[in-house]
Amino acid sequence: MPRAILWQRFEGAAVFAAGLAIYLGVAPGLPWWAAILLFFAPDLSFGGYLAGPKVGSVVYNLVHVYAFGALVLAAGIVTASLPLAGLGALWLAHSGFDRMFGYGLKLPEGFNQTHLGEIGRKG
């Protein structure tokens with residue numbers, strides 16, 4: 001595995017840990033099961049692939065870039081909305097979680113093609 005990809009996976013682990021720490025710090029009072037559901041909510045963007053790989057990759061990437069979670073987190077802080085800040089922190093943690101395990105941003109060639117390399121079964 002190339003070093004650049006290892007660094008990006010390490011960065012993902014750091015973002016995952018930071019997102020969880022921020023979530024726990026703002027403690028919006030959600031039950032644990034709701035936090036888990038919200039943590040995995042970005043994966044609903046897989047639905048974009050119903051319109052094809054080009055649309056699917058754009059939809060998936062829009063909600064899986066670090067910037068999306070960071071902007072939601074910042075909006076929560078600026079508006080003093082702890083639930084919104086918590087949602088942003090969980091969204092950010094989700095994106096880091098995916099990168100940590102090698103699930104990168106999608107390329108328009110297909111779901112298995114990512115900026116971190118091909119995912120899934122080979123052959």
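Axes are lines fitted to C-alpha atoms, for helices over the stretch in contact, with angles from 0 to 180 degrees between N-to-C directions. Helices are DSSP runs (H or I, at least four residues) numbered from the N terminus. The model is predicted, and local features need pLDDT of at least 70, side-chain atom pairs count only at pLDDT 80 or more, and totals for chains, interfaces and linings use all residues. Residues are numbered from 1 along each chain as its sequence is written, and side-chain values use heavy atoms, without hydrogens and water.

**View 1. Crossing of helices H4 and H5.** The axes of H4 (residues 66-78) and H5 (residues 82-100) come within 7 Å and cross at roughly 160 degrees. The two helices are therefore roughly antiparallel (angles over 145 degrees). Contact (heavy atoms within 4.5 Å) involves residues including Phe 68, Val 72 and Leu 73 of H4 and Leu 84, Leu 87 and Trp 91 of H5.

**View 2. The largest nonpolar core.** Such a core is a set of buried Ala, Val, Leu, Ile, Met, Phe, Trp, Tyr and Cys residues joined through side-chain atoms within 4.5 Å, where buried means under 20% relative accessible area (1.4 Å probe, protein chains only). The core has 12 residues, among them Phe 16, Tyr 23, Phe 39, Leu 73 and Leu 92. Helix H1 (3-26), helix H2 (32-40) and H5 each supply at least two residues, and H5 gives the most, with five.

**View 3. Ala 80 in the loop between H4 and H5.** Phi of Ala 80 is near 55 degrees, a positive value in a residue other than glycine. Ala 80 is exposed (over 50% relative accessible area), at 66%.

Notes:
Angles under 35 degrees count as roughly parallel, over 145 as roughly antiparallel, 65 to 115 as roughly perpendicular and the rest as oblique.
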